[in-house]
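This report walks through sheets, backbone details, salt bridges and the chain contact. Please keep the structure open alongside the text.

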There are 2 protein chains.
Amino acid sequence: MAKSKLISPHGSDTLKILLLEGKEREDELKRAETLPKVVMTTRETGDLIFMGIGGFTPLEGFMTEADWKGVCQDMKMTNGIFWPIPVTLSHDQKFDAGTDICLVSGETQEIMGTMKVSECYKIDKEFECKNVFTTTDPEHPGVKVVMEQKEWNLAGPVKVLSESYFPKEFAGIYQTPTESRKIFEEKGWKTIAALQLRNPMHRSHEYLAKIAIEVSDGLYIHQLVGKLKPGDIPADVRVNCIDTLVENFFDKDRVVTGGYPLDMRYAGPREGLLHAVFRQNFGCSHMIIGRDHAGVGNYYGPFDAQDVFFKLWDGALKCKMLPIDWTFWCYKCGGMASMKTCPHAKEDRLFLSGTALRKALSEAGDVPAEFSRPPVLALLREYYAGIKDEDKVEVKMHGHATGDAKVKKDK
Amino acid sequence: MAKSKLISPHGSDTLKILLLEGKEREDELKRAETLPKVVMTTRETGDLIFMGIGGFTPLEGFMTEADWKGVCQDMKMTNGIFWPIPVTLSHDQKFDAGTDICLVSGETQEIMGTMKVSECYKIDKEFECKNVFTTTDPEHPGVKVVMEQKEWNLAGPVKVLSESYFPKEFAGIYQTPTESRKIFEEKGWKTIAALQLRNPMHRSHEYLAKIAIEVSDGLYIHQLVGKLKPGDIPADVRVNCIDTLVENFFDKDRVVTGGYPLDMRYAGPREGLLHAVFRQNFGCSHMIIGRDHAGVGNYYGPFDAQDVFFKLWDGALKCKMLPIDWTFWCYKCGGMASMKTCPHAKEDRLFLSGTALRKALSEAGDVPAEFSRPPVLALLREYYAGIKDEDKVEVKMHGHATGDAKVKKDK
């Protein structure tokens, strides 16, 4: 019998939950009204909520300059704890150290929290982008967001006062680490593999998911419900597709689904690491890393996000990577396979470009059931039929953006 | 990059190789001719060879009474090292402690080694069978072998002088731990999953194997070339079937095949543990344990061999279990699946009893390609066509002996 003791949170024995409740929250809200207001982007708001619910354990607030620099350069904070991506708050003016400020969502105007400013520092955006994204190309959607930041980063410990619209708008899917851990414990699971999703699940994702289930106690399908780049499938459609797939093709006892409020950063390898860090906080022992994890365009090699895990120092991260090679349907194998398991030729395998898939879906063309399950395809067709032509920008098909057979070599 | 340092042998930093070579061997052979002869069964001969090549590291000879008792009762030798199954030599007479004896194969009459007798003890066969096989039923083929042993166990350190006919008769497949470790190191593998086989590989085994490859650096298909019970498929036919499957349906760079000279004991859970112990010696980090591993008849529950791994004390065994649930083809999934991944009904799944398979193969009946690959079936048909009717006893189909849907519960 596996013991049901879950993995501990990152860099801490317990979740660091910064969200206030009840009277404490009410009092802080009143106080917040009186403080100077700083308006946050959706990325910053998502990060703040995530600190609130313990998703970013052990962070206690937005990063100081020393932490920001350490994270950019060495993926290490001043306390020695591993952290792969800056969690920062920018503003167009400085505050004196010790100033209490009110943090407001730019999207909803809601008061989201307060922060005691400990320091303000100028952002070397080029430095950050080069280190985190390995590029300063403003076409990169993550770089664009960093470049559009204001001049100063404000650092300091935060108190969080709201989870915004996420619990209501994504009821049944939005989940906190406390909640996921409770579910895993009740199921008696110890080894849980997390599947990161920001797209509908096609058969390749189903294959990764099922391998993970075969070798673990259960699977956590964890989907982003924060902001994506234009052209990505919106969260409600995606949630629906995934629920339909799980309903029809998974043993529901082995799967837990959840949604999390962060924006995509498209930082490839660095974001893969961040995904593992916060999945550990959600109670997962393993993080599935497939082809082009959290990538965009051609900025990262297809398995850069796997390689970066192998280079971490001992003890950096408890949540282990579950690396899976490039997967596809092979007509000769008569099943799903990967570059590691299938010996057949390129022409025996089914690859579909994002462009071809989008075209087929919006024009009622044929998409093979070996690529995607018919009930999922039906939902996607419905979605594409309903959007205006000018919105039909390139759909990023994770893992199948091209038909090029870039084969991963032995590690 | 994964470091290519392999797992250390069981209970030792280096392989304990007891096989003599060159002049040392020649001299010991001459001396052996002059010593009192003890004739060994095939099981004992296989065990001796295995000690010779380091497969049973850290054993230095046949077990003393204290080791035998500790192994039967607590799976622990007097030195505290984990060991799940007795490795003993029986004889119908005692020798004085200190006597050197000559060990002869009863099958080939070849001198296989020498032993300095350290002690002789009466075998409590009931006690051994109850502990090791959980039964004293003489119909159990492993129990039968223990019960047929002579009265005394002779213990003592051995020198091994021959690998018998295995290197020649199974050229290209017979392999020593030194050889497999060298291959793994040259491939730069670190995580290697071992697949135990004593039957041809059907699609269920292929599925286990491919899951293992997806999550490891490579797979070691390790087949028994020692003695089986009547009705099991002989080694030469099986080797041929497996080679054909690997040739056609595996990436050969990810698979190493090897054969080992032990007899099957059919000890279910205890033998599953022994399989992990010696796979560690062969350099494997993981041992695949599927349904009814090393079982026979209905003596063991379908997942007893998995449960026993969870009950080991910390540090007992470095080689980890890779447990896989009951697998099958599911027509609704449109692929291979297991009880953990498939939500569909019994009637959507393909099960084939051993009797049905044997009947179909020997009478040119239809076996679905979803059960077994056509080139493998062709070889098996050929084999069955060539054997006499009276030899067609029940074929044990590992994992598919019945169509009963005994579902494994959560651990």
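Cys330(A) has Arg349(A) in β15(A) as its bridge partner. Strands here are DSSP runs (E, at least two residues), and helices are runs of H or I with at least four residues; both are numbered from the N terminus. The strand β13(A) covers residues 327-330 and pairs with β15(A) through two bridges, in the antiparallel sense. Two strands count as paired if DSSP finds at least two bridges between them.

These strands belong to an open sheet of three, ordered β14-β13-β15 in chain A, with antiparallel pairing. At its edges stand β14 (335-338) and β15 (349-350) of chain A, each pairing on one side only.

## Basis of the model

The model is predicted: local features need pLDDT of at least 70, side-chain atom pairs count only at pLDDT 80 or more, and totals for chains, interfaces and linings use all residues. Residues are numbered from 1 along each chain as its sequence is written, chains are lettered from A and ligands numbered from 1 in the order in which they are written, and side-chain values use heavy atoms, with hydrogens and water left out.

## Five-strand sheet of chain A

Another open sheet in chain A has five strands, in the order β10-β9-β8-β11-β12, and its pairing is parallel. The edges are β10 (255-260) and β12 (320-323) of chain A; each has a single partner strand, so one side of each is left without a neighbour in the sheet. On average, neighbouring strands of this sheet are turned by 30 degrees against each other, direction ignored. Axes are lines fitted to C-alpha atoms, for helices over the stretch in contact, and angles run from 0 to 180 degrees between N-to-C directions.

Strand β9(A), residues 218-224, runs parallel to β10(A) and is joined to it by six bridges. Gln223(A) stands opposite Gly259(A) in β10(A). Helix α8(A), residues 203-215, packs on the sheet. This helix touches β8 (192-197), β9, β10, β11 (286-289) and β12 of chain A. Its direction makes about 170 degrees with that of β8(A). Contact means heavy atoms within 4.5 Å.

## Backbone details

Thr57(A) and Pro58(A) are joined by a cis peptide bond, with omega about 10 degrees. Pro58(A) sits in the loop between α2 (42-53) and β2 (61-62) of chain A. In chain B, the bond from Thr57(B) to Pro58(B) is cis, with omega near 10 degrees. Pro58(B) is placed in the loop between α2 (42-53) and β2 (61-62) of chain B.

Thr134(B) has phi near 60 degrees, a positive value in a residue other than glycine. This residue lies in the loop between α4 (125-133) and α5 (141-147) of chain B.

## Salt bridges

The count over all chains is 32 salt bridges (a side-chain nitrogen of Lys or Arg within 4 Å of a carboxyl oxygen of Asp or Glu). One of them links the side chains of Arg31(A) and Glu28(A), at 2.9 Å from N to O. Both residues lie in helix α1(A), residues 22-33, three residues apart, about one turn of the helix.

## Contact between the chains

Chain B gives 39 residues to the contact, and chain A gives 39 residues. Together they bury about 3300 Å², 47% of it on carbon and sulfur atoms. Buried area is the accessible area (1.4 Å probe) that two parts lose on being put together, summed over both. There are zero salt bridges between chain B and chain A.
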